[in-house]
Amino acid sequence: MSRFPVIEAAINEEIVVQSKEKAEKGWRQSRKFGFHWHLWSYIVTNGVLLLINIMTPGPWWFQWSVIGWGIGLVFHFQCVYFPTTRQMVAGLRRYRGPE
């Protein structure tokens with residue numbers, strides 16, 4: 001038993017707050033990294049598909065992959081940069097593990 005239980009409790013509470021803030025920052029960074037990876041793969045893949053479409057005869061078809069994948073990319077952006085409270089709570093639980 002410590003001589004100063006109040007101070008010890010305050011220090012422990014500060015450590016918990018800092019670890020929660022650190023977990024939230026790490027969670028946000030990992031989600032942003034995932035989105036940026038998704039964005040770059042979208043740009044590169046659709047650029048290659050555009051080149052293939054230009055070099056081959058026939059009608060234009062690459063726009064369908066751009067539109068379809070773009071819709072998914074928009075939703076991914078929304079979830080990463082504007083998460084709901086429910087998404088944040090669930091994500092932080094998974095990121096930090098059980099308390």
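**Basis of the entries.** I noted that this is a predicted model, in which local features need pLDDT of at least 70 and side-chain atom pairs count only at pLDDT 80 or more, while totals for chains, interfaces and linings use all residues. I also noted that residues are numbered from 1 along each chain as its sequence is written, and that side-chain values use heavy atoms, with hydrogens and water left out.

**Overall layout.** I found three helices and zero strands in the protein, which reads along the sequence as the pattern α-α-α; helices (H or I, at least four residues) and strands (E, at least two) are DSSP runs numbered from the N terminus. For the surface, I noted that the protein exposes about 8,000 Å², of which carbon and sulfur atoms supply 69%, the areas coming from the Shrake-Rupley method with a 1.4 Å probe and, for residues, only the protein chains shown counting as cover. I then turned to contacts, meaning heavy atoms within 4.5 Å, and found that among those with a separation of 6 or more, residues 24 or more positions apart account for 70%.

**Helix 2.** I looked up residues 62–81, which make up helix 2 with its 20 residues, and found a reach of 28 Å from the first C-alpha to the last, close to the 28 Å expected at 1.5 Å a residue (the expected span being 1.5 Å times one less than the number of residues). In this helix I marked Phe62, Gly70, Leu73 and Val80 as buried.

**Aromatic pairs.** A search of the whole structure gave me six aromatic pairs, where rings of Phe, Tyr and Trp (its six-membered ring) pair if their centres lie within 6.5 Å, and planes under 30 degrees apart count as stacked, over 60 as edge-to-face and the rest as tilted. One of them joins Tyr42 and Trp69 edge-to-face, at 5.5 Å centre to centre and with 90° between the planes. Tyr42 lies in helix 1 (residues 5–55) and Trp69 in helix 2, so this pair ties together parts that are 27 residues apart in sequence. I noted that Tyr42 counts as buried because its relative accessibility is 15%, whereas Trp69 is partly exposed at 28%.

**His38.** I placed His38 in helix 1 and noted that His38 is buried, with a relative accessible area of 18%. Leaving out residues up to four places away in sequence, I found that His38 touches Trp69, Gly72, Leu73 and His76.

**Salt bridge.** Which residue forms a salt bridge with Glu24? I found Arg28, with the closest N and O atoms 3.4 Å apart, the rule being a side-chain nitrogen of Lys or Arg within 4 Å of a carboxyl oxygen of Asp or Glu. By this rule I counted one salt bridge. Both residues lie in helix 1, four residues apart, about one turn of the helix. I noted Arg28 as partly exposed at 30% relative accessibility, and Glu24 as partly exposed at 28%.

Definitions and conventions: Buried means under 20% relative accessible area, exposed over 50%, partly exposed in between (1.4 Å probe, protein chains only).
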